[in-house]
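Below are some notes to read alongside the structure, in numbered points.

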Amino acid sequence: MNILVDQVRIAGFRGIANLEISLPRVAVLIGTNNSGKTSIIKALQLALGDYSRFLTEEDFHIDGEDHGSESIIVDVRIVATDEHGNRVQAFEAEWIEEFEDIIQSEADGHQLVVIRTKCERDKVKGGFLTSRFWMETWPDFEGWADVKVISSRQIRKRYDALPFISIDAQRDIHQELREKTSYIGKVLSSIEYDEKDIEELEKMVADINEKAVAKSEPLSELKTHLDSLSQSFEGNGQTEITPFPKKIRDLSKRFTVHFGEHASNSFSMEYHGMGTRSWASMLTVKAFTELSSKKHELEVEPFFPIIAAEEPEAHLHPNAQRAIYKQLCETKGQVLISTHSPYLAAIAKQDQLRALSKKDGTTKVKALISATEPEDLRKVHREVIHSRGDILFASAIVLSEGETEEQSLPILFETFFKQMPFETGINFVGVNGSGAKYRPFLLLAHDFGIPVYIFSDGEEKTVRELRKHYEKVFGENSFDNANNIVILDNTDFEGYLLNSGFVHVIENAIVKVDGEEKIDNWMRKRQGTPTKPIRADKPLCEKCKQPIFESELRDYTQDGGRNKAILEILDSKKPMYAKAVAEELATLSKSDLPDKVIQLFEELQAGVQ
């Protein structure tokens with residue numbers, strides 16, 4: 001059985017005015033820069049670790065009117081869990097002994113520990129005062145920070161069984177080897193040998209030193225000259241040269257780490273890139289944690305570290321990022337990871353993701369809760385997170401159906417806004433279909449609080465399907481009142497361009513791909529030939545009881561015949577023509593853009609920018 005810090009509340013800290021976040025055993029915090037990921041980690045360090053000694057005036061929240069918070073409050077809830085992370089009713093005996101009389105029980109009998117950390121300015125001596133208290137209950141979120149603490153419930157001890165271990169984004173094992181307070185420094189300082197082993201090891205080192213000096217003419221010559229110091233000590237002095245540390249206790253002072261493909265050609269960490277040095281630094285934390293765990297086991301004491309790693313992906317290629325994520329997840333205790341990496345987001349389980357965003361200067365946190373059906377979860381992971389993980393960090397998403405829109409809209413966005421979409425954090429996504437294809441993207445956008453815009457084809461069936469899936473996610477009647485949906489006039493994007501006076505754009509694209517005679521040759525060769533069979537609106541066949549399919553004969557001589565031929569040509573090689581159409585649209589000026597595109601961008605501008 002284990003424990004878990006399953007709920008955290010933060011008020012008045014940095015950009016966080018008032019926030020509650022639920023935490024699984026492994027939590028992956030995602031979000032754009034300055035969305036609050038580091039603030040959550042530092043708030044937890046304030047509550048469970050040593051951050052209070054680094055506290056500054058800038059850590060106190062300031063609202064939009066420059067009013068600073070009077071205090072910082074962080075509440076953590078600790079519960080008992082089984083080996084699968086599911087909450088159970090009671091703590092084991094070792095944790096009951098650790099927490100002593102601060103364990104409380106809820107109405108249903110489930111035990112919990114609630115610790116409040118409160119930081120205030122010291123108006124007498126200057127600086128800051130940090131105090132911790134145990135609380136009787138975990139109150140409703142509304143007004144939680146106003147619940148008074150009782151001075152007699154102040155906690156004056158540090159719970160060593162629940163250490164907070166922070167892995168900063170800036171890490172370098174080469175530098176940390178020189179720092180006693182680093183995790184590798186702590187590992188080295190904990191080295192112990194029994195007397196017999198020390199004697200044996202120091203004898204071996206003495207033999208190596210003697211041979212190293214004897215086999216080196218410069219060292220031998222140096223020793224001979226330094227021996228003359230004995231003249232000042234009545235002939236009794238003798239010099240000892242030790243290329244290698246003489247005493248075992250001095251090993252850590254000259255400790256180095258080498259790495260390479262083979263032991264014979266490994267070289268010092270200072271000659272490796274920052275990716276390897278950063279990775280090695282994180283692994284020293286894992287080593288320190290496991291050593292600490294073994295010590296607690298020997299003392300029959302509980303141990304549950306909270307490990308917080310900021311941007312573990314730094315300087316690492318995608319496969320290395322996945323490897324370090326797996327290594328962190330295998331670490332004992334609870335793990336928090338803040339990341340900007342879509343690769344880490346893709347490998348994480350969906351219930352581990354916590355999406356942070358900042359609106360009106362306040363940090364908000366979201367989790368994926370709507371996709372409860374197994375098929376929805378599978379599609380969200382496979383079609384969105386795994387394939388397009390970058391949208392998790394978007395300020396807005398624009399969804400469309402086909403390749404032409406996906407390639408054209410970002411180009412037209414640049415024409416309209418005079419900047420690239422990525423500069424504003426906006427992602428354009430083609431869902432490769434209609435109706436149900438939108439659903440996983442809508443679920444993710446809804447739950448993670450990402451503004452979503454839709455540029456949809458206008459066929460009756462397409463709109464009907466889109467309405468159904470949109471309202472399943474955003475609620476009944478939400479579709480008709482949505483300003484974020486632009487629907488074309490009973491056609492697809494290519495048809496809309498043709499019907500809206502942009503025939504020259506399409507024809508120029510076809511000429512660019514297949515030459516000037518393409519359209520005329522297509523019409524000449526296919527005039528009078530049957531189209532693809534489609535199901536007729538007729539009863540089933542009386543003999544075979546199967547649906548009846550019928551084909552029309554192509555007739556390009558009627559009104560709109562040339563446009564029909566153009567649409568058939570576009571459908572024949574969608575990917576190639578989509579790129580060519582996008583390039584032709586890029587030649588338009590802002591005032592010449594299609595009306596529906598302008599409508600989309602104006603809604604986007606009003607809602608996001």
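At what angle do helix H18 and helix H19 pack, and how far apart are their axes?

1. To take that question up: H18 (residues 561-572) and H19 (residues 574-585) pack at an angle of about 115 degrees, and their axes are 6 Å apart. With that angle, H18 is roughly perpendicular to H19. Please keep in mind throughout that this is a predicted model.

2. Here is who meets whom in that pair. H18 brings Ile569, Leu570, Asp571 and Ser572, while H19 brings Lys574, Tyr577 and Val581. Sorted by class, the contact has four nonpolar residues, one polar and two charged.

3. H10 covers residues 374-385, and its axis lies 9 Å from that of H13, at an angle of about 90 degrees. An angle from 65 to 115 degrees counts as roughly perpendicular, and H10 and H13 are therefore described that way. On the H10 side the contact involves Asp376, Lys379, Val380, Glu383, Val384 and Ile385; on the H13 side it involves Arg439, Pro440, Phe441, Leu443 and Leu444. By class, this contact of H10 with H13 has seven nonpolar and four charged residues, with no polar ones.

4. Arg439 belongs to H13, which spans residues 439-448. Is Arg439 buried or exposed? Its relative accessible area is 18%, and buried means under 20%, so Arg439 counts as buried. Its side chain makes a polar contact of 2.9 Å with the side chain of Asp376. Neighbours within four places in sequence aside, Arg439 touches Asp376, His469, Lys472 and Val473.

5. Now to a sheet. Four strands form an open sheet in the order S17-S16-S18-S19, and the pairing is parallel. On average, and ignoring direction, neighbouring strands here are turned by 15 degrees against each other.

6. The sheet also has a helix packed on it: H14 (residues 460-474) touches S18 (452-456) and S19, and the direction of H14 makes about 170 degrees with that of S18. Elsewhere in this sheet, S16 (residues 396-400) runs parallel to S17, joined by five bridges. Ile397 sits opposite Asn427 of S17.

7. Ile115 stands across from Trp134 in S7. The hairpin of S6 and S7 has six residues between its strands, and Gly126 there adopts a positive phi near 85 degrees.

8. S7 has a further pairing, with S8 (residues 154-155), again antiparallel and over two bridges. Here Arg132 has Ile155 of S8 as its bridge partner.

9. Last, a loop residue. Where does Phe91 lie? Phe91 is in the loop between S4 (71-81) and H2 (93-99). Its relative accessibility is 5%, so Phe91 counts as buried. Phe91 and Arg156 are separated by 65 residues in sequence and by 22 Å in space, C-alpha to C-alpha.

Key
Residues are numbered from 1 along each chain as its sequence is written. This is a predicted model: local features need pLDDT of at least 70, side-chain atom pairs count only at pLDDT 80 or more; totals for chains, interfaces and linings use all residues. Side-chain values use heavy atoms; hydrogens and water are left out. Buried means under 20% relative accessible area, exposed over 50%, partly exposed in between (1.4 Å probe, protein chains only). A polar contact is a pair of N or O atoms within 3.5 Å; within protein, one must be able to donate a hydrogen and the other to accept it, and residues adjacent in sequence count only if both atoms are side-chain atoms. Contact means heavy atoms within 4.5 Å. Axes are lines fitted to C-alpha atoms, for helices over the stretch in contact, and angles run from 0 to 180 degrees between N-to-C directions. Angles under 35 degrees count as roughly parallel, over 145 as roughly antiparallel, 65 to 115 as roughly perpendicular and the rest as oblique. Ala, Val, Leu, Ile, Met, Phe, Trp, Tyr, Cys and Pro count as nonpolar, Asp, Glu, Lys and Arg as charged, and the others, Gly among them, as polar. Two strands pair if DSSP finds at least two bridges between them.
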